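Here is a short report on one protein chain. Please keep the sequence and the 3D view open as you read.

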Amino acid sequence: PLSTDQRGKVMTIANQLREEGMQQGRHEGIVTIARQMLRSGQVSLEFIAEMTGLSIETLMAISPEKQS
């Protein structure tokens with residue numbers, strides 16, 4: 001059996017991993033939305049960067065035109 005201290009440490013690690021997973025999921029969602037905005041061609045890179053928090057360099061790297 002785990003001591004109270006050990007259980008606390010395990011729960012702390014589990015919570016950190018869960019938070020990292022949620023952050024990764026949020027980031028992937030933002031990238032997906034940015035790709036859709038880029039594909040639409042209706043808004044500027046600057047606007048997408050402002051709305052998503054992604055850098056212009058990142059947007060250029062994920063741009064569908066770049067992958068052609």
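## Arginine 35

Arginine 35 lies in helix α1, which covers residues 4–40. This is a predicted model. Is arginine 35 buried, partly exposed or exposed? Its relative accessibility is 30%. Buried means under 20% and exposed means over 50%, so arginine 35 counts as partly exposed.

Which residues does arginine 35 touch, leaving out those up to four places away in sequence? They are Ile62 and Pro64. Isoleucine 62 sits 27 residues from arginine 35 along the chain.

## Threonine 52

Threonine 52 belongs to helix α2, residues 45–52. Its relative accessibility is 15%. The cut-off for buried is under 20%, so threonine 52 counts as buried.

The side chain of threonine 52 has polar partners in the backbone. One of them is the backbone oxygen of isoleucine 48, at 2.7 Å. Another is the backbone nitrogen of leucine 54, at 3.1 Å. Beyond four places in sequence, threonine 52 is in contact with Ile30 and Ala34.

## Fold and dimensions

How many helices and strands does the chain have? There are three helices and zero strands. Along the sequence, the pattern reads α-α-α.

The chain has a radius of gyration of 19 Å. A compact globule of 68 residues would come in near 11 Å. Along the principal axes, the C-alpha atoms fill a box of roughly 60 × 25 × 15 Å.

Take the contacts between residues at least 6 apart in sequence: 33% of these join residues at least 24 apart.

## Burial, surface and charge

What share of the 68 residues is buried? The figure is 16%, and threonine 52 is one of the buried residues. The chain exposes about 5,400 Å². Carbon and sulfur atoms supply 56% of that area.

The charge count is 7 positive and 8 negative. The mean position of the positive charges lies 10 Å from the mean position of the negative ones.

Terms used: Residues numbered from 1 in each chain as written. Predicted model: local features only at pLDDT ≥ 70, side-chain atom pairs only at ≥ 80, totals over all residues. Heavy atoms only, no water. Helix = DSSP H or I, 4+ residues; strand = E, 2+ residues; numbered from the N terminus. Buried < 20%, exposed > 50% of the residue type's maximum accessible area, 1.4 Å probe, protein only. Polar contact = N/O pair within 3.5 Å; in protein donor to acceptor, adjacent residues only side chain to side chain. Contact = heavy atoms within 4.5 Å. Rg over C-alpha atoms; globule rule 2.2 N^0.38 Å. Areas by Shrake-Rupley, 256 points an atom, 1.4 Å probe, with all protein chains shown as cover. Lys, Arg positive; Asp, Glu negative; His and termini not counted. Charge placed at Lys NZ, Arg CZ, Asp CG, Glu CD.
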